Amino acid sequence: SADPIALPLLTNHLNAAVDVILVAYYLLEEEIIAFVLVGTNLQVVRRLSTRTVIEERLQRLGVQWERFRDGSTFVQRHLTTFYQSTQRILRELYCDLFAPIATLLATLLPATSQPRTLTIVPHALLYRVPFQALWDGEQTLLDRYIIAYAPSATALLLLQQRASNDGGAALVGGVADPGIPAVHQEVQRVAARLPTSIVQTDEAAPLPALLAQLPTADVLH
């Protein structure tokens with residue numbers, strides 16, 4: 001992949017004062033590398049972990065997710081055990097993929113009480129990693145940062161160059177399910193924060209109707 005080449009281009013495009021924090025992961029055979037961009041400062045972190053180690057952890061995490069399909073009664077009975085097992089894996093993934101980066105960011109970023117936006121560019125099997133849920137033993141990444149994702153540094157570069165358009169509508173949809181009973185509350189809270197929202201829930205949100213409205217929506221949730 002030539003995508004890491006876009007990172008120097010991105011640093012050239014951005015003004016040094018722009019508050020940009022980007023972590024772009026890359027798998028080089030077995031080795032996992034991270035390109036860390038803070039403003040226009042680009043650093044490379046080598047040997048974070050290996051493909052084999054992360055694959056094993058993701059398989060274990062997948063087993064935990066699958067247990068939630070065994071019914072609400074079973075889940076409630078074993079919820080504490082599921083939570084502890086999942087937190088342990090998320091902690092391992094944090095140590096593998098982010099702990100060295102957190103140390104680097106602490107040296108590059110001034111202290112602030114305001115949450116910063118952290119953009120993550122996964123690669124290969126790392127698209128399966130829930131980075132926002134990675135746990136350092138006290139907090140998740142989502143507790144410390146506003147998490148954003150980009151499919152590639154090249155795509156991010158194109159988005160940075162594109163003119164901002166905040167005037168369009170937001171399409172907010174949700175279908176309630178026993179496994180996610182708070183869908184309606186989430187939809188209403190998200191819609192309340194967006195100036196122009198089209199809200200569709202349950203039977204009022206069939207897939208053809210949603211697809212028909214996508215071309216006119218600037219935000220989709």
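Me: Let's start with Leu-211: buried, partly exposed or exposed?
Reply: Leu-211 is partly exposed, because its relative accessible area is 48%. Buried means under 20%, exposed over 50%, and partly exposed lies in between, using a 1.4 Å probe and protein chains only.

Me: Before I go on, what kind of model is this?
Reply: It's a predicted model, where local features need pLDDT of at least 70, side-chain atom pairs count only at pLDDT 80 or more, and totals for chains, interfaces and linings use all residues. Residues are numbered from 1 along each chain as its sequence is written, and side-chain values use heavy atoms, with hydrogens and water left out.

Me: New topic: what about Ile-120, buried or exposed?
Reply: Ile-120 is buried, because its relative accessibility is 0%. Ile-120 belongs to strand β4, residues 116-121.

Me: Which residues does Ile-120 touch?
Reply: Leaving out residues up to four places away in sequence, Ile-120 touches Val-23, Tyr-25, Phe-131, Ile-147, Ala-148, Tyr-149 and Ala-150. Contact here means heavy atoms within 4.5 Å.

Me: And how far apart are the C-alpha atoms of Ile-120 and Leu-22?
Reply: They are separated by 5.8 Å, though Ile-120 and Leu-22 are 98 residues apart along the chain.

Me: Last one: which residues of α4 are buried?
Reply: Among them are Phe-82, Ile-89, Leu-90 and Tyr-94. The buried residues of α4 pack against several elements, including β1 (21-28) and α2 (51-67).

Key:
Helix = DSSP H or I, 4+ residues; strand = E, 2+ residues; numbered from the N terminus.
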